[in-house]
Each structure stands twice: as C-alpha cells, then as structure tokens.
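Here's a quick tour of one model, taken piece by piece. Have a look at it first, then read on.

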Amino acid sequence: MDRWLGGALLLGAVLLYFVVVPAEIVIPRIQVGGGVGGAAASPLFFPRLMAVVLGFLGVLLLLRGRSRAETLLAGEGFAFGRAQAARVCGTAAILVAYLALLDLIGYLLLTPVALAGLSILLGFRRWLTLAIVAVSVSATIYLGFRLGMKILLPEGFLG
Amino acid sequence: MLDQLVQAATAVLGWETLAMILVGTILGMVVGALPGLTATMAMAIFSPLTFFMPPLVGIPFLLGIYKGGTYGGSISAILIGTPGTASNAATVMDGYPMAQQGRAGKAMQASIYASTVGDLFSNVVLVLAVWPIAMIALKFGPAEIFALILFSMTIIASLAGSSLSKCLVSATLGVMLAMIGVDTISGASRLTFGVSDLQGGISYIPFVIGLFGLGEIFVQVSKRTGHLTVMDVKGGPGANRVTFREILGYKRTVLRSSLIGTGLGALPGIGAETSCWVAYAMAKRASRHPERFGKGEIEGVIAPEVGNNAVCGATMVPLLAFGIPGDVVTAVMLGAFIAQGLRPGPLLFKENITEIYGIFIALFLATLAMFVVAKLSVRLWVRILQVPAGLLYPVVTMLCLAGAYAINNSLFDVGIAIAFGIVGYMMRMTGFEVAPMVLAFILAPMLEQSLTQSLMMSHGSPLIFVTRPIALLFLVLTAVSVVLYIRSGWRARELAADKTGADPGAGR
C-alpha cells in the first residue's frame, strides 16, 4: 500500500515541479538580490521546494514503505471491508448531492432529508424519532443562523 | 493599565460572556465525552459562530469548549472504558476499573477535582509567564521569526506515529495547500487553476472542519458503533464523595503532573495526548504501591487528569506570545483570533491589552464553569452517552456543513469542507496523521513571509540568519531537534532489531 502511495507521490511531485508550478505561477521572481537569497524570495521557491521534498518522500515510501498489514499492525490506519466502503461512499454521495442541490432546493427542505438519509445509512430505524430530530435540528440550525448571526442559509425555490 | 483591567473585567463579567463560557463548557464536555468527537472538532465547528460575537465573547466561548472538552474525555474513559479524546487515554487505565468496582462516581469526582487543579495551575503559569516572553518576542525581527517558525516546524515530527515519512508527507501537502492563492508579497497568483474562489487561498475554517469534523465522521460511519455500554454511577452522594483535601493528599502527584502538563503544553507540538501518559507513568513510578495501578487506583485517575488539563493554559503561551500555534487546538483558535481582527503575537500585548486581560480573566472563569458544570452533571452522563450514533453523527455532519457555509456565505467553502473530509478520512485510513497537515498549513505562510522579508532586509543575503544571535540560536535548536529526532529513531529501530534477534519465535 505504502509503495503505491510512494509511487503516486513521486509521479505527482514530478508533475508538480515540471508542469503545474510553471503553468500555474506566472509572475517572475521578485528582485531582492541575486543568488540563493533572491531565489528563495521568489513566489516559485516554496512550491518548487515542496515538490522536491514530496518527490524525495515518495522515493522513501517507494523503497521502504510498509505493506497494508504492517501498517495496521503498527496501530496506524484501519481495516476496510466492503460494508465500510459502501457506508463511506453512501455518506460521501449524500454530502455531494446535498452540496449540488442546496442552492436549488434550499436548506430548510433539503437538510432534514439529508440528515434522515445519513441516519438510515447508519442503521437508525426509529422513524418517528428520526423525523422529529431531522426537522427540529434543521429548523434550529436555520433559525440560529438567521436570528443569531443574521446569516441566511440558502432558501432555494422557496426564497 | 488599571483602566484596561477594569474595562476587561466589565466586558468579561457581563452576562453575554458568562453565558457563552457556560455554553462553551457544556458543549465541550458533551463533545469531549462522546467517543469520536473531539474538542478540536467542536472548536472548528463552532468557531464560525464567534466571528459574529465581540472578541471578549467569542474567544471565552472557545476557551470554554477547549477546557470542557479536555475534561469531558475523562467521562467516557471512566464510564465506558473508551476515552472521549486521546488526551484522556491514560484515565481509562484506572478510571474504568474503578467504575467496574462500583466506584464510577468517585472516579468522576476525582477527575473533576484533578482537572480543575491542573487547569488552575496552568492558568497561573500562563498569566505569569506570557507577558515577559511577549516582551522578549517584541524584539524579534523577520529573521528571528523565520528561525522560530522553522524550529516549531521540526516539532511537527513529534506528531509522527511510527512513520516519520508519512508525517512529513502530510506536512508537505499542508505547505503546498497553503501556497494556493495570491502571494501576499509578490502578488503572484499561485496554483489556483483559474478558479476565482481560490484567489484568496483555501479558507482555513472549512479546511479544518473538513479534516477534523467530517473526516472523523467518515471514520465513525465506517465503524458504525451503535449503543454504548455505559457503567452506572451508583450510590448516594456520600459514596461518591471526594474532597479537595483528599486530592491534596496526593500533593506530590498533583504538583508533578501539573509541572509535566504545563511544561509539555508550552512546547510546540506536544500536548495533552502525551502529558496524560507521562503524568500517569511518573505517578506509577513514584508510588509506594505501583502494583495497584491499572486495578482501580484513584491516583491513576488524578495524575493523567491533572496532566492533561495542565496543558490548556500552557498551549496558549506560544500562541499569545509569538503568534505561533503549538498544537491543532491553538491553530484553530488562531483562526478565530484573526477573524476577530486580533493578531496573536507580541504586538497584541501593546495594542490589545484589554483583550489580553479579558482572556486571562476568561481562562479562570472557564475553569470555574468547568468545575461547576462537571459537579452538577455527574449522573447525567450515563444518559448522554447513550445517544445513538445513528442520530448523533448526522446531526454533527449538518452542523459541520452549516459552519463551513457561515464563514463567507459560500457553497464553495462547503465543497472545501466535504473534499477535505474525504481527504481526512483517506489519510486516517492509510495511516497518515492529519494534524501535521493543519499545523504546516498555518505555519507555512508565516514562514514564507518572514523568509522573504528577511531576505529583502539583507538584499538577498542568507547570512542574516546567522549574524543575528537569536535567529542563530533557533537555527541551532532546529538542527539539534532534527539530530535528536533522527537519533531516537535509530535507537528505536536498533531496539526493535535486538528484540527480534533475541526472540526469534516472536514473529511466529
């Protein structure tokens, strides 16, 4: 696992140094003197330096990285099965859909639905409790923002 | 000076601040007590709220969350055998056995008194130490600040688990992310990929909400914990009684743990997660009955609880005196300070003395609030800890998203929070720490700015860093810190190799 990540980091670092940084940082370095000092004061300096460091760390992981089992044995990371993957992907999908629809449908209508969706995904099945919590929490957050902080959360087609 | 003190006291003792300290403390305790939710997460989620409050209402609110959260973790450590936060991990060792023996109430009372004493000690040290340090820091120029931040960044290595390279990858990515947006000195637009929302850089609070809030939610979702088995707080008030006098009977342990917590807390990168274990281990070593530890010894609750709460005030020293956050909690707090128009650092002690006094008073009020709320709520926790995860985590998720939106009324920020929630989850899953990424994200712009300013002052000559004594001192300390870290890594590897060599059957 670490070796794959190391390879990906190395590739990313090469792309960053040779493609992304030159293309995405267009202003030439500011003149504060020549030599090392001048180069270090350039807006290109840190991104390039970090690309080099990232590449070096990528090589380290590639050469000395541990297997997934060794990582877990060291108490880092955690095991990941199909059921977990389904729940995490489901949660991510609900959040992305929430983001995409929030402006259109509005906070007050969409939030109880998203909250209930997440609860069901987590195995909560007491429907009445769920309905009460979903509606009351959404309304409380909405009113708290509107009255307490004068922030209008997206109103969607109701607005 | 007296005028400013009176002004600060008037502001902080107003009902608004007192109420928010109380609310913050309760929120912190609840979040700290619930496994999977941390004080850092609570501060990230609720810090947008403070942007709409006066500084001496918003900052005390966050202090309440911080202190309440640090104590709150001990509740679940005692009642369910799972620490609410990493800062309370050592409390499980003796707190849970005490609860299993029907002494949950006593363990919780001991934890309350111990946390309060540790907290008070740390507050006093902060008040006494931060002013002189800030006066020294006033003499710092960009070269000194650069060297100091560089030194702080080496401490990030202490956040590494068993893989330093992964910790450094995390920190490097944090620096890269901090580079996104317009460079403040040259005006160059960097790594924005034409996205106008990125011109101002990645918003800090949504970034932190994503990594600490949503990232942790994803972890909990994948684990899907249902109801927790909570030990009951049995017996009448007499059975659970612990007095301050009883705690002071362990005065050596209390003093030692206070010093450990405060000392470690003042060092960048080392926080309550470490101090609780060091305090526990030292108490065990010094005890006449070390064999009782791990079996329900009250001293095994007192030591880590003094040790972790004694960190709270101390972590504020580097933040207030230098403007450099020593850990992730103060990194979140730094964001709140800046949003309030306050720039932590030595100048704060010249320009915002009223706020400084107010923060000092609020620290003590937050300790008092923590003590009162904790004393009154001992029996309530059995019920609170039984809130089903299936309801709790979705509610926290919605709070995260609303908090991310509130910063700039921007859906883009909600997207940032979701994206970094996924990134945070993947990092945790593959054994990468998220804390180095956050610390590097906040330190990198300061490092870059001080480097550029130093080089402008010296017309491009890097000798400025070795000709100024304080800068040179910090550079030497940086080098020493790196060498020591590498050496301890080698030693650990040699020890592991020796162990494997001595016990060839160990791997079978």
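## A buried glycine

B:G307 is buried, with 37 other C-beta atoms within 10 Å (buried takes 20 or more such atoms, exposed 12 or fewer, partly exposed in between, with C-beta atoms placed from the backbone). B:G307 sits in helix α13 of chain B, residues 299-309 (a helix is a DSSP run of H or I of at least four residues, numbered from the N terminus).

Leaving out residues up to four places away in sequence, B:G307 touches B:G118, B:S257, B:I260, B:G261, B:S275, B:C276, B:V278 and B:A279 (contact puts the C-beta atoms, placed from the backbone, within 7 Å). B:W277 is 30 residues from B:G307 in sequence and 8.2 Å away in space, C-alpha to C-alpha.

## About the model

This is a predicted model, where local features need pLDDT of at least 70 and side-chain atom pairs pLDDT 80 or more, while totals for chains, interfaces and linings use all residues. Residues count from 1 along each chain as its sequence is written, and chains are lettered from A, ligands numbered from 1, in the order written.

## Where the chains meet

The contact takes 59 residues from chain B and 57 from chain A. On the chain B side, α8, α9, α20, α21 and α22 each give two or more residues, and α20(B) has the largest share, 12 residues. That side divides into 34 nonpolar, 20 polar and 5 charged residues (Ala, Val, Leu, Ile, Met, Phe, Trp, Tyr, Cys and Pro are nonpolar, Asp, Glu, Lys and Arg charged, the others, Gly among them, polar).

How values were computed: Two residues are in contact if their C-beta atoms, placed from the backbone, lie within 7 Å.
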